[in-house]
Amino acid sequence: MHKDTLVVTGGRPEPVHDAPVNPPVVLSSTYRGTGDVADGDRSYARSANPTWEAFEEVLGQLEGAPCPALSHASGMAAISAALSLVPVGGTVVVPRHSYQGTLQLARRLQDRGILTVRAVDIADTTAVLRALPGADLLWVESPTNPMLEVADLPALITGARARGVLTCVDNTFATPLLQQPLSLGADLVVHSATKYLSGHSDVLMGAVVCASPELRSRLHTQRTLEGGIPGPFESWLALRGLRTLAVRLERAVASAAVLARRLQEHPAVARVRYPGLPGDPGHQRAAAQLTGGFGAVLSVVLHDDAAAAERLVAGLRVWTPATSLGGVESLVERRRRHPEEPTTVPENLLRLSVGIENVEDLWSDLAAGLDALADR
């Protein structure tokens, strides 16, 4: 079944007469036992909920996993769960440019003596492979946040496996509709379901997808004991949002490609980072690894300084100044306004998450702000 069909049809109730089309929101903290059986498949709501399971079923199928995904209370809860696979005293190799929550958590664990962090340029395959001996986990973002670098996933995953290193790929930017890391041999995939999967900026949720039932079982135990579970209503909203992922992503990706080309030609713009551009360093890899487009996030480095970038953001009317991504609305922000952002990210870089508005309205808004900078 094609993935754009699966997002609509998966996770539905049993197709019997008078059955509801959508799964219900199950609000229960406990479940009834039978006879002398102490615990059934669901004994307590910290370990299972039918509403989560519908979402988990679809996401697992979309990622090509042999088992359902594991939903979590947030993207960070999912990231924390994946990092828990690193043994005490172990080593994780991470991209130097990555979601700052991932980097902050990894470094905090390092400061507590729990693990060691090796930061690498994830686009430099040779450097990453050199960092793998003795490591326990390779963490990959591709494309990276916010620099849009593209990793050679087949080479890195193969190299990690040969060295006995687990590989986890954060697939939030690409989504399973554009990239399926498990099919390339990755052990884990994580998502901030807050972003493209739910898609409406109204849910906080995360997910981990595992390449084996055994790995899922380990992480299910970890989730149950640490309690990083989503609420049933959030799970229901995430599944409802997932139904339109294909059409939302198709529109956003098409608009991002148009905007990237136009931004590249504007005199106020020094550089556009977007793997869909033929001149982008990651274009060739992205063309080979991504299917159905190059994503809907791009970054722009201005000729002017950080203050000018802030003025541009403040003057926009269609674009919303905010820090998230993957929703129906287009968002923009200067990334280095966050103190935790790596210093290798330019001060005047703007990250743009392209939504589903009319692309001409998005461009007119951006062009007016850029024209004002160019005329100064």
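Which residue does UniProt list for "modified residue: N6-(pyridoxal phosphate)lysine"? Lys-195, according to an unreviewed entry; UniProt positions follow the numbering used here, feature names are shortened, and annotations may be inferred rather than shown by experiment.

Before you click: this is a predicted model, where local features need pLDDT of at least 70 and side-chain atom pairs count only at pLDDT 80 or more, while totals for chains, interfaces and linings use all residues. Residues are numbered from 1 along each chain as its sequence is written, and side-chain values use heavy atoms, leaving out hydrogens and water.

**Stop one: Lys-195.** Select Lys-195 in the loop between β6 (188-192) and β7 (206-210); strands are DSSP E runs of at least two residues, helices H or I runs of at least four, both numbered from the N terminus. Lys-195 is buried, at 14% relative accessible area (buried is under 20%, exposed over 50%, partly exposed in between, with a 1.4 Å probe and protein chains only). Setting aside neighbours within four places in sequence, Lys-195 contacts Thr-172, Ser-324, Leu-325 and Gly-326 (contact means heavy atoms within 4.5 Å).

**Stop two: a sheet.** Now show the open five-stranded sheet, ordered β8-β9-β12-β11-β10 with mixed pairing (two strands pair if DSSP finds at least two bridges between them). Its edges are β8 (269-273) and β10 (320-321), each pairing on one side only. Next, pick β9 (297-302) and β12 (349-353), an antiparallel pair with five bridges. Click Val-300 and you'll find its bridge partner in β12, Leu-350.
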